[in-house]
Amino acid sequence: MATTVISPDTDVVTEYAGGTLAREQVSLWRDGLRRLRRNKLAVIAMVFLVLLALETVVSLFWTPYDPNLVGACPTYAFPSAQHLMGCDDLGRDELSRVMVGTQVSLAVGLATAFVVLVVGVLVGLIAGYLRGWIDALISLIINIFYGVPPILPAIALYVLLGRSVQNIIIAISATAWMDMARLVRGQALSIREREYVEAARSSGSKTRKILFTHVFPNALGPIIVQATFSIPIAILTAAFLTFLGFGVPPPQADWGGIASEGLQSLQAGFDPYILLFPSIAISLTLLAFNFFGDGLRDAFDPRQKR
Amino acid sequence: MSDPVLDVKHLSTSFFTDDGEVKAVRDVSLQLYPGETLGIVGESGCGKSVTAMSVLGLVQRPGRVVAGEILFKGRDLLKVPSDELRQVRGRDIAMIFQDPLSSMNPVLRVGFQIDEAMYAHDKIPKEQVHSRDVELLKQVRVPDAVNRLRDYPHQFSGGMRQRAMIAMGLSNKPQILIADEPTTALDVTVQAQILELLRDLNQQLGTSIILITHNLGVVAGLCTRVIVMYAGEIVEEGPVEQIFEHPQHPYTWSLLRSLPRIDANRKDRLRSIEGLPPDLIDPPPGCEFSPRCPFRIERCFSEDPDLAEVAPRQHAACWVTMDRAYAEMNAGSITDTRPGAASGVRPPKDLEPSAAETAETAMQSEPEPVGADEQA
């Protein structure tokens, strides 16, 4: 077991009359943050994500040019001091469009992750802990959809509901919760057999209480990782939908949409930068979320205490 | 003697597996009296823990209590609705488990977990819970209780964790504490401390204790009465001194004999009981111990003996009993304890497979013909 470092911000070490040295008290969160800070990749990813969030907030109020202003600059202008990322086929400022595109990506990613977290965890806990017919039913549904590429139901639902950012979130969440439910179900299946769950049942705890104080916290590590990974997956799916032409309605800027336009200009023989910049934005964001998710798992899983 | 707090009548619990019905507990009856410490001993898999789990209604699928009554305060726990049974667990009957590390949730503070046991029931007023957990930890002799409550289980040593588990068990002042091998995972000095703690708590609080163990030493140190189980059945029951000094069932006798002795010659082999416990899907027709019993007679293969009084307050389920084995089969001086060795009785023809098995084990030890010890 780790001998804990005595840092100034923790409780004072006290001598106790019996001779035992009372150890400092470190909360789970403080302890986890300390370990997260030691993970360089995760810190870099975190910094990147914070900057990205700031940039999104800024883009709500200010962009270098109006992202939808046609003719802000010459069409297909090469990146320059005035237009850092150049201009697209309609002469719109690329940088402004990429900045605004972050809004859609982050909104879709976070909202989907939220739905996945709530629905997936709840359904998974119930299926894994209660077992029986309810588990059979949930597993059946999940298994049916497992054989279908998630993009298909998303497109189908999206076409049915109509084009809007909100509907993208619904369309992606409709299948994205299943991965989480599957994972949580597996965790619950193994945790329900642990002795402390047995002990809780033998002390008369209610099922709801057991689910949320014993099963859920012990599955938290994998749940956090899965939730963090569901953000980039949702962003990618959203971008892919727009890329295919099913996404956010134009002229709203979105990374997938910009990339799609960029591909057209590339095919038309123009420079690749219009495709390049949104692609870089997507890739960096996905990488950052993945590294951050890994870092979180390493830091906040109490069973990996060092 | 007053009325028992817990009266288990003809309890049978089975597990319905793909291979068939495993009759883990068969027709077990036991009484626990107020303030009593009752030991249940037996080998692994003999049904000790399943009996305890059945009492609390914690037997999980594919297991099920198939028959019997569990009377607690005049109510049959097998018939009360599940929510009422949940209220009984922890409040009236508490249980502590073998491995104190895995019995505690690793991600929750010890104090939180003790509180939880109290919040689950309304016996302790909510505003007293926090002061009570300090008191409880002090009661189970955890030093520096106030600070220790904020620790996580991994910051506790094995003995401390078991103390915390006992504190949790006692938090609602239950009438019965079921301790399922509470000292097995602990080292010997800590074992002694925990047992001493249990004894003190039993005397101070008057809590009745059921102690489940395979360790006869633990029983001798703590219990007033002991039940010996074999293959899902009670084979002997009585006051602890009587059982230890005059065991009447050959299984109890063999168990006691197989205790390692510190004064034994180093070259002597440790004594064990030949053979293995029977298959509980298809138990032998007569006495379950007959395939391994040195003192068996023909009757043992066909008829299953019931518990019968063999001495005041002592019951054994045996057609022979050790009194007769000592008198007629030289039990006091035999060295060969292979099945049927003392009585010279071989299993009847239709039980040959088990006979072949015993022959095999016999081959590995001294090549002495079965029945050589039969007295003249």
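Modeller: Here is a short tour, chain by chain and then across the interface.

Modeller: This is a predicted model, where local features need pLDDT of at least 70, side-chain atom pairs count only at pLDDT 80 or more, and totals for chains, interfaces and linings use all residues. Residues are numbered from 1 along each chain as its sequence is written, while chains are lettered from A and ligands numbered from 1 in the order written.

Biologist: What secondary structure does chain A have?

Modeller: Chain A has 11 helices and 2 strands. Helices (H or I, at least four residues) and strands (E, at least two) are DSSP runs, numbered from the N terminus.

Biologist: How much of chain A is buried?

Modeller: 40% of its 306 residues. Buried means that 20 or more other C-beta atoms, placed from the backbone, lie within 10 Å of the residue's own.

Biologist: How do α6 and α9 of chain A cross?

Modeller: The axes of α6(A) (residues 165-191) and α9(A) (residues 220-243) come within 10 Å and cross at roughly 155°. Axes are lines fitted to C-alpha atoms over the stretch in contact, and angles run from 0 to 180 degrees between N-to-C directions. The two helices, α6(A) and α9(A), are therefore roughly antiparallel, a term for angles over 145 degrees.

Biologist: Which residues of α6(A) and α9(A) meet?

Modeller: From α6(A), they include Ile168(A), Ile172(A) and Leu183(A); from α9(A), they include Ile223(A), Ile233(A) and Leu241(A). The contact residues divide into 12 nonpolar, 4 polar and 1 charged. Nonpolar covers Ala, Val, Leu, Ile, Met, Phe, Trp, Tyr, Cys and Pro; charged covers Asp, Glu, Lys and Arg; the others, Gly among them, are polar.

Biologist: Switching to chain B. What is the strand order in its open sheet?

Modeller: The 8 strands run β6-β7-β8-β3-β9-β10-β12-β11, with mixed pairing. Strands pair if DSSP finds at least two bridges between them. At the edges are β6(B) and β11(B), each pairing on one side only. The twist averages 25° from one strand to the next.

Biologist: In what sense do β7 and β8 of chain B pair?

Modeller: Parallel, over 5 bridges. Ile178(B) stands opposite Ile210(B) in β8(B).

Biologist: And how many residues of chain B are in contact with chain A?

Modeller: 30 residues of chain B contact 25 of chain A. Contact means C-beta atoms, placed from the backbone, within 7 Å. In chain B, α2 (82-88), β6 (93-96) and α3 (110-119) each supply at least two residues of that side. The chain B side divides into 14 nonpolar, 9 polar and 7 charged.

Definitions and conventions. Contact = placed C-beta atoms within 7 Å. Buried ≥ 20, exposed ≤ 12 C-beta atoms within 10 Å, placed from the backbone. Parallel < 35°, antiparallel > 145°, perpendicular 65-115°, else oblique.
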